[in-house]
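Open the model in a viewer with cartoon display on. The stops below go from the sheet to the helices on it and end at a pocket.

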Amino acid sequence: MTVTAVRKDADALTMTLDAEFDAPPERVWQLWADPRQLERWWGPPTYPATFTQHDLTPGGHADYHMTGPEGDQPHGYWEIVEADAPHRLVVQDGFANEDGTPNDDLPRNEFRVTIEETAPGRSRMSIKSIFPSREAMEKLLAMGMQEGLTEAVGQIDAILLETPVH
């Protein structure tokens with residue numbers, strides 16, 4: 001499995017997931033930059049994602065929904081704060097209503113992705129989620145955020161074994 005650690009810090013209001021891959025940073029970045037590749041792993045296996053908008057430039061926006069085993073479709077969106085390919089992505093992450101408008105009944109968070117080369121052809125990716133409050137952190141963790149992200153990232157190795165798509 002690719003996930004090497006998940007650390008939660010309630011005082012700092014963060015959860016950080018680390019994963020290592022047998023791929024250079026440029027290839028790992030493609031997993032975020034190509035919406036068709038992103039769809040194959042963003043979301044746990046029982047909730048695959050569909051991206052309907054995907055602009056990873058600062059000020060850009062991404063819209064997606066996941067489809068659950070019962071046909072339910074929770075929606076989400078990203079506001080892109082920073083994108084420095086292939087090493088850093090900063091996103092404001094939120095839940096959306098079916099019409100794509102922000103769902104303010106559920107908390108937002110920021111996540112920061114860093115991708116660094118650890119050896120030739122190997123990379124470490126960290127996804128650091130930063131919560132606006134302890135209540136938001138507790139609510140998102142109670143909704144299964146840690147398990148869902150761990151399962152989602154666990155799908156990446158299979159994608160990396162395939163021929164890269166450019």
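Helices and strands here are DSSP runs, a helix (H or I) having at least four residues and a strand (E) at least two, with numbering from the N terminus. The model is predicted.

**Sheet.** Select the strands. There are 8, forming an open sheet in the order β1-β2-β8-β7-β6-β5-β4-β3, with antiparallel pairing. At the edges are β1 (3-9) and β3 (49-54), each of which pairs on one side only. From one strand to the next the twist averages 20°.

**β1 and β2.** Next, select residues 14-21, which are β2. This strand runs antiparallel to β1, and 6 bridges join the two. Show Ala5 and find Asp18 of β2 opposite.

**Helices.** Select residues 25-33, helix α1, which packs on the sheet. Helix α1 touches β2, β3, β5 (75-84), β6 (88-96), β7 (109-119) and β8 (122-130), and its direction makes about 155° with that of β7. Then move to residues 145-153, helix α4. This helix lies across β1, β2, β7 and β8, and runs at about 15° to β2.

**Largest pocket.** Finally, show the surface of the largest pocket, which holds about 720 Å³ of space. The largest share, 6 residues, comes from α4. Coloured by class, the lining shows 17 nonpolar, 10 polar and 4 charged residues.

Definitions and conventions. Residues are numbered from 1 along each chain as its sequence is written. This is a predicted model: local features need pLDDT of at least 70, side-chain atom pairs count only at pLDDT 80 or more; totals for chains, interfaces and linings use all residues. Side-chain values use heavy atoms; hydrogens and water are left out. Two strands pair if DSSP finds at least two bridges between them. Axes are lines fitted to C-alpha atoms, for helices over the stretch in contact, and angles run from 0 to 180 degrees between N-to-C directions. Contact means heavy atoms within 4.5 Å. On a 1 Å grid over the protein atoms alone, a cavity is a set of points where a 1.4 Å probe fits but cannot get out, and a pocket is an open set with protein on both sides within 12 Å along at least five of seven lines; lining residues have an atom within 4 Å of a point. Grid points are joined across faces, edges and corners, and a volume is the space filled by probe spheres set on the points. Ala, Val, Leu, Ile, Met, Phe, Trp, Tyr, Cys and Pro count as nonpolar, Asp, Glu, Lys and Arg as charged, and the others, Gly among them, as polar.
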